[in-house]
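Hi everyone, thanks for making time this morning. Let me put the sequence and the model up on the screen, and then we'll walk through the fold together.

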Amino acid sequence: MGVWELLLVGVVLLLGLCGVLVPGVPGSWLVWAAVMWWALKDPRPLAWFVLVGATVVLLLSQVVRWALPPRRLRTGGATPRMGVYAGFGALAGFVLLPVVGAIPGFVGGIYLSERLRLGRHGEARAAVRTAMRSGGWSVLAELFACLLIAGAWLGAVLAG
């Protein structure tokens, strides 16, 4: 697979990661489709292992999402700005503290967004609790699964 094709797969992965944060966009399926495209174009055993792992991780994340309460983010006070902060926080946490850092990064991004909006620590903490209860855990489960898949893909590409 050429460099341009790998770059295009990476762009689709990034679009999928962003799509997880946007309601109505099938972000996790874009991530899975990008990995499937890569595995079909580069049929090595490692690529197939990553595709099978991505499928299992996405199915598990769907089970977790179905077990959680339904998303009511708008009624919980979530804004698009909060989603951007949460997404960047999760990505930064995933990179700085591999894998497990996505969880505190996501919550920290929501906190930072609310702290800048509300100005006080206590109000920001209460807003984070409300956001996480009104569907934040569901978004975090899906985003965490997609970050795991993107990380596995990147590791497989770099391993060659």
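Let's start with burial: of the 160 residues in the protein chain, 38% count as buried, where buried means under 20% relative accessible area, with a 1.4 Å probe and protein chains only. Before I go on, this is a predicted model, in which local features need pLDDT of at least 70, side-chain atom pairs count only at pLDDT 80 or more, and totals for chains, interfaces and linings use all residues. Residues are numbered from 1 along each chain as its sequence is written, and side-chain values use heavy atoms, with hydrogens and water left out.

Now the overall fold. The protein chain has six helices and zero strands, and these are DSSP runs numbered from the N terminus, H or I of at least four residues for helices and E of at least two for strands. The radius of gyration is 16 Å, close to the 15 Å that the globule rule gives for 160 residues, so the chain is as compact as a globular protein of that length. For that, we take C-alpha atoms, and the rule is 2.2 Å times the number of residues to the power 0.38. The C-alpha trace spans about 50 × 30 × 25 Å along its principal axes.

As for contacts, meaning heavy atoms within 4.5 Å, consider those between residues at least 6 apart in sequence: 65% of them join residues at least 24 apart.

On to the helix pairs. How do α1 and α2 cross? The axes of α1 (residues 3–21) and α2 come within 6 Å and cross at roughly 165°; axes are lines fitted to C-alpha atoms over the stretch in contact, with angles from 0 to 180 degrees between N-to-C directions. That makes α1 roughly antiparallel to α2, the label for angles over 145 degrees. The residues of this contact divide into 14 nonpolar, four polar and two charged. Here Ala, Val, Leu, Ile, Met, Phe, Trp, Tyr, Cys and Pro count as nonpolar, Asp, Glu, Lys and Arg as charged, and the others, Gly among them, as polar.

Next, α2 (residues 27–41) packs with α6 (residues 121–159) at an angle of about 20°, their axes 10 Å apart. These two are therefore roughly parallel, which is the label for angles under 35 degrees. On the α2 side we find S28, V31, V35 and W38, meeting E142, C146, I149, W153, A156 and V157 of α6. That contact divides into eight nonpolar residues, one polar and one charged.

Note on methods: Angles under 35 degrees count as roughly parallel, over 145 as roughly antiparallel, 65 to 115 as roughly perpendicular and the rest as oblique. Buried means under 20% relative accessible area, exposed over 50%, partly exposed in between (1.4 Å probe, protein chains only).
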